[in-house]
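Thanks for coming. Please look at the screen.

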Amino acid sequence: MKQRIILNLLLFTCLAILIECSNNSDKTNKNINYRTSEISIDGEPNEMGWDQVDWQPMDQTWLGPEYNKEDFQGRYKLLWDEKQLYILAEIIDDTLIDIYPDGLIQYWDDDCLEIFIDEDASGGDHQYNNNAFAYHISLDNKIVDIGPDSIAHYYDHIKCVRKTTGNKSIWELALQLYKDDYKIGQNNQLVILTNLKKIGFAIAYCDNDNSKERENFIGNTYVKVPDKNRGWIDAGVFETLTLIK
Ligand SMILES: [Ca+2]
Ligand SMILES: [Ca+2]
Ligand SMILES: [Ca+2]
Ligand SMILES: [Ca+2]
């Protein structure tokens with residue numbers, strides 16, 4: 001009897017460890033490959049470069065109740081070259097809505113793709129500074145983040161083309177990186193990317209189908225703390241990725 005209790009305890013411990021490991025995707029040992037072909041930002045992922053990298057899942061619920069596969073499915077790929085990071089996102093969403101036409105008002109409550117980038121993988125607070133950026137990309141291609149003045153601003157750091165067929169959208173993006181001393185309206189120096197450079201990265205989708213506020217917020221990375229909607233404040237929840245040539 002005693003042996004059976006010990007065995008059960010051991011099994012339970014192993015199971016708990018396995019669940020923790022599967023939830024907590026390795027945030028430090030992921031790589032981004034250098035593009036093996038030119039990437040044309042046209043919403044058509046027909047480049048050889050995209051074929052040669054694997055899809056990564058967007059399946060971590062940051063906000064909202066459970067959802068089904070008709071409501072949302074998301075996955076993404078990444079590539080880089082010296083001047084930009086390339087992002088391909090495939091989103092299945094049953095209803096696309098843009099109920100707040102002013103791009104600077106409640107933009108997170110419309111369907112939008114969100115890209116989080118921390119140029120030097122420093123982690124830390126970025127709510128009202130440029131230690132990291134949280135770009136919201138709307139269905140009509142407006143790129144918005146909150147600036148150090150705590151006001152939402154448009155940015156031109158991302159070129160994005162979305163093509164939607166039925167319930168599937170392909171978002172193809174090229175993103176330029178800037179240092180934490182970035183200043184709105186000034187002549188900022190683009191960061192030149194290099195082999196083995198580490199960056200902080202996360203991607204998420206705000207899914208709204210027929211509500212005043214977004215119904216779900218689904219990201220790519222497991223957030224340990226109970227408040228999982230931390231990406232727009234804390235770059236410490238991003239994944240650290242290494243650029244590999
Ligand atoms: Ca393309
Ligand atoms: Ca949906
Ligand atoms: Ca930083
Ligand atoms: Ca939607």
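Strand β6, residues 112–118, is mostly covered, with seven of its seven residues buried. This is a predicted model, so what I describe is computed from predicted coordinates.

Which faces of β6 are covered? Both are: C112, E114, F116 and D118 sit on one side, L113, I115 and I117 on the other, and all are buried. As background, side chains in a regular strand alternate between the two faces of the sheet. Note that the buried list for β6 includes E114 and D118.

Now the neighbours of β6. Strand β7, residues 133–138, runs antiparallel to β6 and is joined to it by six bridges. In that pairing, F116 is opposite A134 of β7. Strand β12 is also antiparallel to β6, with seven bridges between the two. There, L113 is opposite Y205 of β12.

Next, the core. The largest nonpolar core has 51 residues, and the members that touch the most others are Y86, I87, I117 and L175. Strand β12, residues 198–207, supplies the largest share of this core, seven residues. What does I117 touch, leaving out residues up to four places away in sequence? The list is A132, F133, L175, L177, I199, G200 and F201.

For the chain as a whole, there are two helices and 14 strands. Of the 245 residues in the protein chain, 33% are buried. Among contacts with a separation of 6 or more, 62% are between residues 24 or more positions apart.

Two backbone angles to check. Most residues other than glycine have a negative phi. Q106 has a positive one, near 45°, and is located in the loop between β5, residues 85–93, and β6. Q106 counts as partly exposed because it has 15 C-beta neighbours inside 10 Å. S150 is not a glycine either, and its phi is positive at about 65°. S150 belongs to the loop between β8, 143–146, and β9, 152–154.

Last, one more loop residue. E70 is found between β3, residues 60–63, and β4, residues 72–80. E70 counts as exposed because it has 10 other C-beta atoms within 10 Å. In sequence, E70 and I92 are 22 residues apart; in space, their C-alpha atoms are 7.4 Å apart.

That is where I will stop.

Conventions
Residues are numbered from 1 along each chain as its sequence is written. Chains are lettered from A and ligands numbered from 1 in the order in which they are written. This is a predicted model: local features need pLDDT of at least 70, side-chain atom pairs count only at pLDDT 80 or more; totals for chains, interfaces and linings use all residues. Helices (H or I, at least four residues) and strands (E, at least two) are DSSP runs, numbered from the N terminus. A residue is buried if 20 or more other C-beta atoms lie within 10 Å of its own, exposed if 12 or fewer, and partly exposed in between; C-beta atoms are placed from the backbone. Two residues are in contact if their C-beta atoms, placed from the backbone, lie within 7 Å. A nonpolar core is a set of buried Ala, Val, Leu, Ile, Met, Phe, Trp, Tyr and Cys residues joined through C-beta atoms within 7 Å. Two strands pair if DSSP finds at least two bridges between them.
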